[in-house]
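Below is a short note for a colleague who is meeting this structure for the first time. Please read the numbered points with the sequence and the model at hand.

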Amino acid sequence: MQYWLFICLLFLFVKTTEVPDLETVEFKVLKRNDQYEIREVESYFIAETTMPGKNGFDFTGASQSFNALAEYLFGKNTKEKPMEMTTPVFTRKTKSEGEKMDMTTPVISRKAEDQDKWTMSFVMPSKYGANLPFPKDSSVTIKEVPKRIIAVVAFSGFVTDQEVERRESTLRTLLDKDPEFGVKDGASVEVAQYNPPFTLPFNRRNEIAIEVERQQA
């Protein structure tokens, strides 16, 4: 039953194999080269849930988390009000319990191997602002992501933990040589996926992002 709910929701999310024409996060491009893009992203609200297991991109964990978020979006909330779907779906690692964490900050830090946890989040429709209904599911939380600057690399194909790790390492190396922007202290990778799992690999749009800040003169 959960599997078919997940598949049905994905069909609602997008009717074709192309990136859906849905509301997304607003941003301004500050810099672009052949290898990555620097964006200034406006603040937005997300609905977020912690994924089961240690991996961020296995089907079981992704479908369970997607279901929880989609149920909130489609009416399992205190106002019993369905809301519009947006794009992309974000996945990221959480900070370890021993580290200080701003609840509105979307950056992530690696935890010990036996403590890894991932979260999945949906961007909320901007017209609601902070006036979003509360989730009925206690595993879903609402957070505001503040305005920030990120370095982004787009890629196609399927997302795996190994692929994210490889691309994160490459992006960090490139940013080490950037004279204008450097990786913000404590920041790590965030993954944005714009298509459902059944989309053909070459039609998929994915992005990895790391929060950055301007270099001191």
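1. The side chain of E37 makes a polar contact with the side chain of R32 at 2.7 Å, where a polar contact is a pair of N or O atoms within 3.5 Å, one of which, within protein, must be able to donate a hydrogen and the other to accept it, with residues adjacent in sequence counted only if both atoms are side-chain atoms. E37 is found in strand β2, and at 12% relative accessibility E37 counts as buried; the classes are buried under 20% relative accessible area, exposed over 50% and partly exposed in between, with a 1.4 Å probe and protein chains only. Leaving aside residues up to four places away in sequence, E37 touches F27, V29, K31, R32, I150, A151 and V152, a contact being heavy atoms within 4.5 Å.

2. On provenance, this is a predicted model, in which local features need pLDDT of at least 70 and side-chain atom pairs count only at pLDDT 80 or more, while totals for chains, interfaces and linings use all residues. Residues are numbered from 1 along each chain as its sequence is written, and side-chain values use heavy atoms, with hydrogens and water left out. Helices (H or I, at least four residues) and strands (E, at least two) are DSSP runs numbered from the N terminus.

3. The protein averages a pLDDT of 78, and 76% of the residues score at least 70, pLDDT being the predictor's confidence in each residue, from 0 to 100. Confidence is lowest in helix α1 (residues 2-13), at a mean of 50, and highest in β2, at 97. Over residues 11-17 the pLDDT is below 50, and this stretch has 15 contacts in the model beyond near neighbours in sequence; over residues 96-115 the pLDDT is also below 50, with 41 contacts counted in that way.

4. Helix α3 (residues 161-175) has 15 residues and reaches 21 Å from its first C-alpha to its last, close to the 21 Å expected at 1.5 Å a residue, the expected span being 1.5 Å times one less than the number of residues. In α3, the residues E163, V164, E168, L171 and L175 are buried. Seen down the axis of α3, these buried residues fall within an arc of 130°, so they line one face of the helix; the arc is that of the directions from the helix axis to the C-beta atoms. They pack against β2 (37-41), β7 (148-155), β8 (181-183), β9 (189-193) and β10 (206-214).

5. A salt bridge is a side-chain nitrogen of Lys or Arg within 4 Å of a carboxyl oxygen of Asp or Glu, and by this rule the count comes to 19. E163 forms one with R166 (2.8 Å, N to O) and another with R167, the closest N and O atoms being 2.7 Å apart. E163 is buried at 18%, whereas R166 at 45% and R167 at 23% count as partly exposed. Salt bridges that share partners also join R32, E37, R39, R205 and E207 into one network.

6. K136 forms a salt bridge with E80, the closest N and O atoms being 3.0 Å apart. This pair links distant parts of the chain, 56 residues apart, with K136 in the loop between β5 (118-123) and β6 (140-145) and E80 in the loop between α2 (59-73) and β4 (89-93). K136 is partly exposed at 47%, and E80 is exposed at 56%.
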